[in-house]
Amino acid sequence: MLLRFVNTSILVLATFLTLTGVYGLIFEFNSWLFEVHRMSGWALISLLPWKVGIAWRSLKRGLQ
């Protein structure tokens, strides 16, 4: 269950960050949108240790 949650969360956050980033490049960022973009970036960074663990287990399984 954790595997699916982490992978889905990373996908959603990366998509959201891409969309808000492109919006920020084209139009002027509102202050609340900038804060949401910033918090999403920190959330993505906080999920990386779990993703590294998932990838590491997968690599170990593939090498055996």
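A salt bridge is here a side-chain nitrogen of Lys or Arg within 4 Å of a carboxyl oxygen of Asp or Glu. By that criterion, a search of the whole structure, which is a predicted model, finds one salt bridge.

## Overall form

The secondary structure of the protein consists of two helices and zero strands. Its radius of gyration is 15 Å, well over the 11 Å that the globule rule gives for 64 residues, so the protein is more spread out than a compact globule. Along the principal axes, the C-alpha atoms fill a box of roughly 50 × 15 × 15 Å. Of the 64 residues, 17% are buried. The protein exposes about 5,300 Å², and carbon and sulfur atoms supply 73% of that area.

Helix H1 covers residues 2–26, and helix H2 covers residues 31–63.

Side chains of opposite charge can pair when their charged atoms come close. In this model the pair is Glu-35 and Arg-38, whose closest N and O atoms are 2.5 Å apart. Both residues lie in helix H2, three residues apart, about one turn of the helix. Glu-35 has a relative accessible area of 33% and is therefore partly exposed, since that value falls between 20% and 50%. Arg-38 is likewise partly exposed, with a relative accessible area of 39%.

## Residues examined individually

The table lists the relative accessible area of selected residues.

| Residue | Relative accessible area | Class |
|---|---|---|
| Val-6 | 1% | buried |
| Thr-20 | 5% | buried |
| Val-22 | 44% | partly exposed |
| Glu-35 | 33% | partly exposed |
| Arg-38 | 39% | partly exposed |
| Ser-40 | 8% | buried |

Val-6 belongs to helix H1. Its relative accessible area of 1% is under the 20% limit, so Val-6 counts as buried. When neighbours within four places in sequence are left aside, Val-6 is in contact with Leu-47, Trp-50, Lys-51 and Ile-54. A further relation concerns Ile-45: Val-6 and Ile-45 are separated by 39 residues in sequence and by 12 Å in space, C-alpha to C-alpha.

Thr-20 is also placed in helix H1, and at 5% relative accessibility this residue is buried. A polar atom of the Thr-20 side chain lies 3.3 Å from the backbone oxygen of Leu-17. Residues up to four places away in sequence not being counted, Thr-20 touches Phe-29, Leu-33 and His-37.

Ser-40 lies in helix H2. With a relative accessible area of 8%, Ser-40 is buried. Apart from its neighbours within four places in sequence, Ser-40 is in contact with Leu-13, Phe-16 and Leu-17.

## A nonpolar surface patch

Val-22, Tyr-23, Leu-25, Ile-26 and Phe-27 form a nonpolar patch on the surface, and together they have about 550 Å² of accessible area. Among them, Val-22 is found in helix H1.

Note on methods:
Residues numbered from 1 in each chain as written. Predicted model: local features only at pLDDT ≥ 70, side-chain atom pairs only at ≥ 80, totals over all residues. Heavy atoms only, no water. Helix = DSSP H or I, 4+ residues; strand = E, 2+ residues; numbered from the N terminus. Buried < 20%, exposed > 50% of the residue type's maximum accessible area, 1.4 Å probe, protein only. Contact = heavy atoms within 4.5 Å. Polar contact = N/O pair within 3.5 Å; in protein donor to acceptor, adjacent residues only side chain to side chain. Patch = residues over 30% accessible without salt bridge, like charges linked within 9 Å, V, L, I, M, F, W, Y side chains within 5 Å. Areas by Shrake-Rupley, 256 points an atom, 1.4 Å probe, with all protein chains shown as cover. Rg over C-alpha atoms; globule rule 2.2 N^0.38 Å.
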